[in-house]
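Here are a few notes to read with the model open beside you. Take them one at a time and find each spot as you go.

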Amino acid sequence: MTVKTDVVYGNYIAGKWQEEQGEAIASINPSDMHEVVGYVQNSSSDTVNQAVRAADAAARAWRKLSGAERGNYLYRVANVLEERLDDIAETLAREMGKTLPESKGETARGVAILRYYAGEGMRSEGDVIPSTDADALMFSTRTPLGVVGVITPWNFPVAIPVWKIAPALIYGNTVVFKPATEAAVTAAKVMDCFDAAGLPTGVINFVAGAGRVIGNAIVDHEAVHAVTFTGSEGTGRTIGRVAAARGAKYQLEMGGKNPVIVAEDADLELAVDATISGAFRSTGQKCTATSRVIVAEAVYEAFQQRLLQKTEAIQIGNAVEDGVWMGPSASEAQLNTVLDYIQVGKDEGARLLLGGNRLTEGAYASGYFVEPTIFTDVQPEMRIAQEEIFGPVITLIRAKDLSHALEVANNNRYGLSASIFTTNIQKMLTFIDDMDAGLVRVNAESAGVELQAPFGGMKASSSHSREQGQAAKEFYTSIKTVFVKGS
Ligand code: NAD
């Protein structure tokens, strides 16, 4: 039996929610696949064209507002999101399977991001540069790019759209936003906060549908001047090629295979707790999730034993229920990817220490639940230690010393985040210096991003620009150098 819902979202174009157009896409609750959380549109490239035209028409008036005026709109959006926090967080938990406390935390982060960027409208946007001509004034200022295409994944359906849309808008751009279909109902509710805040017509537009159709139509549209994307590496590379071919600016934030190094002098309790939190919260579906744990030989057995005990105690269940610590995989496709990788690990000869199965008894039968899984004695070149799994699976790898641990940690195409657990200052400094990752953390889990700091990866994790904090300005603006001399 399928429990239906009456939550149906059209697209949002030129300041209005559009009537539904034909076939809609159902969004399924991964904790209970019989529940449809809501519906969004399976849009065509014609709809993208309408949205881009609306954003283009709004661009000039929007950029002419002062930063403070644009900021006031963002403060209003933040207030609406805060008022609707409980409803949006519950939708997020039902649609994507992130536990309710984590969903509330993510939505609250969305509010904080909006307020941070609202304040940006009042901050400095350039430098005065001494000219060689003593009678001249030379300075740099920032101008918006125009229409920005925002393409987002399903794993943070509130925070990622907001950390792209808020800076795009505050720096004077207009937006066409395409969420991941798997979490598009949550994204539509976020979009509705912008509507309720009364942004001028066309400044932000929302189109739902298949990535290959409408995502591609956004990236390839001549009037879209820049594209910001977070998602998988394969999709990101395609978007980069299409955008580069027509000279559009682009930014790609992609996968990770994030290592944690546990040195022999580490606080093991701290290291175990942080590994569990980094690896299994959000069911391992964070780009910064811990997936390789590289442990010094001297403490390997002790670390492994504590990790095993604590992981066994994890409460798995429906994301909206009290006391549940880990929800399901977000979709059937994601669950199957995780199960396939577990099989790959077994076939490669890694030893399965814990988990490895889909949960199918009782209420679990209706959802996409998988056990937290630990492989031990993993060889660094195995596929499960090289490829992003995006599920609750960790690989334990032995290291002789720090230099060996760093060699293993860097032996991967990705470079998003990494942690070390040590009480030795020299080891901390060596790690900070030698680890090739955009986010390096000492005595803290690999997953953890602060909105006021730059965020992004090295190597195949990114197109090497940065999001969030002041760094966002680099992507969403163009520098104009001004030279002024009295006549
Ligand atoms: P995905 O690449 O499948 O989809 C991301 C978005 O791209 C979706 O909106 C999708 O519809 C769209 N899309 C798909 N094909 C397209 C095309 N040809 N042209 C334009 N758009 C297209 O990724 P996902 O499964 O939604 O997300 C999981 C991935 O995201 C993981 O790899 C994860 O590591 C990554 N991620 C990275 C970060 C980061 O900041 N580095 C953060 C979160 C997630």
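This is a predicted model: local features need pLDDT of at least 70, side-chain atom pairs count only at pLDDT 80 or more; totals for chains, interfaces and linings use all residues.

1. Let's settle the question right away. Domain 1 (8-254 + 462-484) gives residues to the lining of the largest pocket, and domain 2 (258-450) does too, so the pocket lies between them.

2. Now for the pocket itself. Its volume is about 950 Å³. The lining is made of 36 residues, and the ones closest to the pocket's centre are Trp154, Phe229, Gly231, Ser232 and Thr235. If you want a place to start looking, pick out those five.

3. What kinds of residues line the largest pocket, by class? You'll find 16 nonpolar and 16 polar residues, plus 4 charged ones.

4. Which elements supply the lining? Helix 7 (211-219), strand 9 (226-230), helix 8 (233-245) and helix 11 (332-348) each put in at least two residues. Helix 7 gives the most, with 5 residues.

5. While you're around helix 7, look at the loop between helix 7 and strand 9, where His221 is found. Is His221 buried or exposed? Its relative accessibility is 9%, and buried means under 20%, so His221 counts as buried.

6. Next, hop over to strand 17 (residues 417-421). All 5 of its 5 residues are buried, so the strand is largely enclosed by the rest of the structure. Check the side chains as well: Ser417, Ser419 and Phe421 point one way, while Ala418 and Ile420 point the other way, and all are buried.

7. Which strands pair with strand 17? One of them is strand 11 (residues 258-262), which pairs with strand 17 in the parallel sense over 3 bridges. In that pairing, Ile261 has Ile420 of strand 17 as its bridge partner.

8. Strand 18 (residues 439-442) is also joined to strand 17, by 4 bridges, and these two run parallel. Here Ser417 stands opposite Leu439 of strand 18. To get from strand 17 to strand 18, the chain passes through helix 14 (residues 425-434), making a right-handed β-α-β crossover.

Terms used: Residues are numbered from 1 along each chain as its sequence is written. Side-chain values use heavy atoms; hydrogens and water are left out. Buried means under 20% relative accessible area, exposed over 50%, partly exposed in between (1.4 Å probe, protein chains only). Two strands pair if DSSP finds at least two bridges between them. A crossover is right-handed if, with the strands pointing away from the viewer, the path from the first strand over the helix to the second runs clockwise. On a 1 Å grid over the protein atoms alone, a cavity is a set of points where a 1.4 Å probe fits but cannot get out, and a pocket is an open set with protein on both sides within 12 Å along at least five of seven lines; lining residues have an atom within 4 Å of a point. Grid points are joined across faces, edges and corners, and a volume is the space filled by probe spheres set on the points. Ala, Val, Leu, Ile, Met, Phe, Trp, Tyr, Cys and Pro count as nonpolar, Asp, Glu, Lys and Arg as charged, and the others, Gly among them, as polar. Domain bounds come from an automatic or database domain assignment.
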